[in-house]
Amino acid sequence: TPDPLITEMQDWASSTGEGVDASPYGMPIQFEGDVVRRNVPWLTADVISSINFTPIHALDGTITPQGCAFERHHSGAIELKKEDYRLMINGLVDRPLVFSYADLERFPRENRTYFLECAANTGMEWAGAQLNGSQFTHGMIHNMEYSGISLRTLLEEAGLDAAGDLADKWVYVEGADASSNGRSIPMEKALDDVLVAFKANGEALRMEHGYPVRLVVPGWEGNMWVKWLRRIEVTDHPIESREETSKYTDTLADGTSRKWTWIMDAKSVVTSPSPQMPITHGKGPLVITGLAWSGRGAISGVDVSIDGGKTWQKARLAKEGEKMALTRFYLDINWDGSEMFLQSRAHDDTGYVQPTKAQLREVRGENSVYHNNCIQTWWVKENGESENVEVSS
Amino acid sequence: MSKFLPKLIASTALIASLATPSFAEKLGLGRVALPDEIAAWNHDIGPQGQGLPMGSGSVEDGEMIFSENCASCHGEFAEGVDNWPKLAGGDGTLADKDPLKTVGSYWPYLSTVYDYVRRSMPFGAAQTMSDDDVYAITAYILYSNYLVDDDFVLTNENFMDVEMPNADGFIIDDRPETELTIFTEANACYENCKETVEVTKRAAVLDVTPQEEGAEAEPEAAPVEQAAADAPVEAAPVEEAVAAPVMAAFDADLAAQGETVFKKCKACHQVGEGAKNKVGPILNGVVGAPVAHIEDFKYSKDLTTAHDEGVVWDEAHLAEFLAKPKGVYKKTKMSFAGLKKDDDINAVIEYLKSVSQ
């Protein structure tokens, strides 16, 4: 039968739509209103010190729009005007300096795209399959193009002769919000690829991502990407702040804990189909897609298994992997309508291959919280719906 | 730093070139940071006590300060309330299933306690404590972990003498030896990797995924916007007219002072539009309302009894309660010790009136 959407005159084909100034800064069309960050209320005591999740299940490509990029605050997102912004560099430098925002805009700028993953991403999955949706299991991640200044440039402006031998020096970075989140970064990393960023995806950082200035620490855990960056101190020791001792450390089976586990290992997840993205079209052509990333380098390949890890086939990368940035992969199949156990496995250019949860548990035990980069399984049922499961190894 | 050093050696060429003056032309941007400015911000304390200010605080003082500023979230004995961090206990549990990680059982450095409390606590009123108060709180947290006696006084002099039980419990990231050697291409299987695949755990069984119920799953803004677009423009002034009389009469200046005092309350109580019950109930409209008037909040028995007896939060009763909560309702769950100054109490009540929607 003819489709009335085609044969009958539709309102939008006859009357006019909105004028150009209806929304000076646009929002997504109302029909996309479910593509939003979501919170898991039982995770934390209060939304002021909490985290929410990027709707990665519903996105494509690799760039995360700022408006739905996950947030993590320790004392809430603050409103800090550019005019009120000050950045101090002190400690073992030749000249301690204070920069205004306008000063920062006069330094040579760089544009680079990186993922930011919270060390706790997938942390709720250590003990067993818990949350139904890639947004909840893997949504503490986003990927943006940053514009900013290399931290090295700023340190050089202050002068590092006073620091002497740089091999055992540290850079302590601290935020301006009430949590005063502070982390110690080894000088080698600080001089390598860290950015002091003020734009993301072409526009100013959002308040929730540290407007007007945040730190970008490529490939390293998100907690180190200090927001509302206000101070950079060159020291001869790590501070061993709360966020690098009592949190973001990894307790092993015997009760000892790893510290300074800064790098986020290679990881991937199928974003669709997944529990929030059921297959609604029945059997036939099906696009399986997902994201892969590595804090050690570029993604060199992604394997997908539809049988729970018995056999693996190479997925197609949307484009060549970039260092410490998200890579989109696709596997286009002809789905026969039978159940699948969907998994993905990332490879990076250091030769690392994403492990299973069993492999990780064998090394780390089951008391870890952070740095869970295990292979994820979605049990896709015949009706197209999926569930988060663990399968035998 | 064992992992880091070898890499550094490999890149000494890079570091060396950085240290030479030729590597970067200075742009002359920014200005020199003044000593007072550095002193105002440079508060981090190192693991060997680097940066500790002169001062001292006793367990005895700490108990009182902790009760007033910390206990509403962390519990009177640092045992933690709801999902807020537990600061005491957990001794010897690190190798157990679900270890309890506290200052006593887990934190390797006492400096971290001082550093964190001084810079980041109390929640909602950070960086308001005196250095001596921070010493006292740190001493009390040690006491609550049975690490010092009740007559202990912590000072910058004896700070480094305190032994932290888990000081030796940490190793530097050993993934290069323990994981990077195993999780490799050489070990990756592609065919016949296992014989069978069985489901061993299911998220649906646990059922802890946040559910969006029916209509709520739809974008809430959409229907509202639609309605607004359809409604005549005159609708807006009507709403304002309705809103105006609801505003209770209050002294704006005093209410503004009260808002500052209210920071002490904010960790547990929300007010204003979109406020939700937290550790404590919403306080919108509390002034003049019956005691325990928020229907979906679980009050202590003392408060529900008062509610049943028809007791009302008039200003006098609120003032009495805010001065010493447990003096009025002995079993109240509110662990806040009370506001000492009458001015603060009056200001907070004025502020609560200002948000009484």
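**View 1. A:Trp12 in a loop of chain A.** In this predicted model, A:Trp12 is found in the loop of chain A that runs between helix α1 (4-7) and strand β1 (38-39). The residue counts as exposed because its relative accessible area is 65%, and the cut-off for that class is over 50%. Together with A:Leu5 and A:Ile6, A:Trp12 makes a nonpolar surface patch of about 430 Å².

View 2. A:Lys259 lies in strand β15 of chain A, which spans residues 257-259. With a relative accessible area of 10%, A:Lys259 is classed as buried, since that class takes in residues under 20%. The side chain of A:Lys259 is joined to the side chain of A:Glu240 by a polar contact of 2.8 Å. When neighbours within four places in sequence are left aside, A:Lys259 is in contact with A:Glu240 and A:Thr249 from chain A, and with B:Tyr109, B:Phe170, B:Ile171, B:Ile172 and B:Asp173 from chain B.

**View 3. Chain B, the partner that supplies contacts to A:Lys259.** Chain B, to which B:Tyr109 and B:Asp173 belong, has 18 helices and 5 strands. Of the 357 residues in chain B, 41% are buried, and the accessible surface of the chain comes to about 19900 Å², with 54% of that area belonging to carbon and sulfur atoms. Among the contacts in chain B with a separation of 6 or more, 55% are accounted for by residues 24 or more positions apart.

Terms used: Residues numbered from 1 in each chain as written. Chains lettered and ligands numbered in written order. Predicted model: local features only at pLDDT ≥ 70, side-chain atom pairs only at ≥ 80, totals over all residues. Heavy atoms only, no water. Helix = DSSP H or I, 4+ residues; strand = E, 2+ residues; numbered from the N terminus. Buried < 20%, exposed > 50% of the residue type's maximum accessible area, 1.4 Å probe, protein only. Contact = heavy atoms within 4.5 Å. Areas by Shrake-Rupley, 256 points an atom, 1.4 Å probe, with all protein chains shown as cover. Patch = residues over 30% accessible without salt bridge, like charges linked within 9 Å, V, L, I, M, F, W, Y side chains within 5 Å. Salt bridge = Lys/Arg side-chain N within 4 Å of Asp/Glu carboxyl O. Polar contact = N/O pair within 3.5 Å; in protein donor to acceptor, adjacent residues only side chain to side chain.
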